[in-house]
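Visitor: I would like to go through this model residue by residue, with the criteria spelled out as we go. Could you guide me?

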Amino acid sequence: YETVVCVSDKYDDFSMNNIVTTIFGHASEIFNYKGTTYISSCGPEDDQVLNTHGLYLAELAWLSK
C-alpha cells in the first residue's frame with residue numbers, strides 16, 4: 001500500500017537518504033504521453049478514505065540542475 005519516492009541522478013540508483021514523499025499505493029510507473037510526463041499509482045490514495053481503490057495519475061515536472 002505504500003511507495004517511497006526518492007530523488008536520484010541515475011535511473012537505477014536510489015538512496016533512502018533522498019526520500020521526497022510517500023505515495024499510498026503501489027506499482028508506480030513513470031511514463032510520457034503526448035509530451036507530458038506522468039506517474040501512475042494503483043491502490044488507495046488515502047487509507048483514511050473508504051472505497052478509493054483505483055488507478056491514479058499525476059503530472060510530473062523535472063527540475064533543472
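**Rings, strands and surface**

Guide: By the ring-pairing rule, in which rings of Phe, Tyr and Trp (its six-membered ring) pair if their centres lie within 6.5 Å, the count comes to one aromatic pair. The rings of Phe31 and Tyr38 have centres 5.7 Å apart and planes at 25 degrees, so this pair is stacked, given that planes under 30 degrees apart count as stacked, over 60 as edge-to-face and the rest as tilted. This is a predicted model, in which local features need pLDDT of at least 70 and side-chain atom pairs count only at pLDDT 80 or more, while totals for chains, interfaces and linings use all residues. Residues are numbered from 1 along each chain as its sequence is written, and side-chain values use heavy atoms, with hydrogens and water left out.

Visitor: Are Phe31 and Tyr38 buried, partly exposed or exposed?

Guide: Buried means under 20% relative accessible area, exposed means over 50%, and partly exposed lies in between, with a 1.4 Å probe and protein chains only. Phe31 has 27% relative accessibility and Tyr38 has 23%. Phe31 therefore counts as partly exposed, and Tyr38 likewise counts as partly exposed.

Visitor: In what order do the elements of the chain run?

Guide: Helices (H or I, at least four residues) and strands (E, at least two) are DSSP runs, numbered from the N terminus. On that basis the chain has zero helices and five strands. From the N terminus on, the elements therefore run β-β-β-β-β.

Visitor: Which residues does Thr37 touch, not counting those up to four places away in sequence?

Guide: Thr37 is found in strand 4, which spans residues 36-44, and because its relative accessible area is 11%, Thr37 is buried. A contact means heavy atoms within 4.5 Å. With residues up to four places away in sequence left out, Thr37 touches Ile30, Phe31, Asn32, Ala58, Glu59, Leu60 and Trp62.

Visitor: What is the length of the polar contact that joins the side chains of Thr37 and Asn32?

Guide: A polar contact is a pair of N or O atoms within 3.5 Å; within protein, one must be able to donate a hydrogen and the other to accept it, and residues adjacent in sequence count only if both atoms are side-chain atoms. The side chains of Thr37 and Asn32 are joined by such a contact, with a length of 2.6 Å.

Visitor: Is Ser40 buried or exposed, and which residues does Ser40 touch?

Guide: Ser40 is also found in strand 4, and because its relative accessible area is 8%, Ser40 is buried. Its C-alpha atom is separated by 9.3 Å from that of Gly25, which lies 15 residues apart along the chain. Not counting residues up to four places away in sequence, Ser40 touches Ala27, Ser28, Glu29, Phe31, Leu55, Tyr56 and Leu57.

Visitor: Which residue has a positive phi although it is not a glycine?

Guide: The residue lies in the loop between strand 3 (26-33) and strand 4, and at 72% relative accessibility it counts as exposed. Its phi is about 50 degrees, and the residue is Lys34.

Visitor: How far apart in space are Ala61 and Tyr38, C-alpha to C-alpha?

Guide: Ala61 has its place in the segment after strand 5 (53-60), and because its relative accessible area is 69%, Ala61 is exposed. Ala61 and Tyr38 are 23 residues apart in sequence, and their C-alpha separation in space is 8.5 Å.

Visitor: What distance separates the C-alpha atoms of Phe24 and Val4?

Guide: Phe24 lies in the loop between strand 2 and strand 3, and with a relative accessible area of 36%, Phe24 is partly exposed. Phe24 and Val4 are 20 residues apart along the chain, and their C-alpha atoms are separated by 8.7 Å.

Visitor: What percentage of the residues in the chain is buried?

Guide: The chain has 65 residues. Of these, the buried residues make up 17%.
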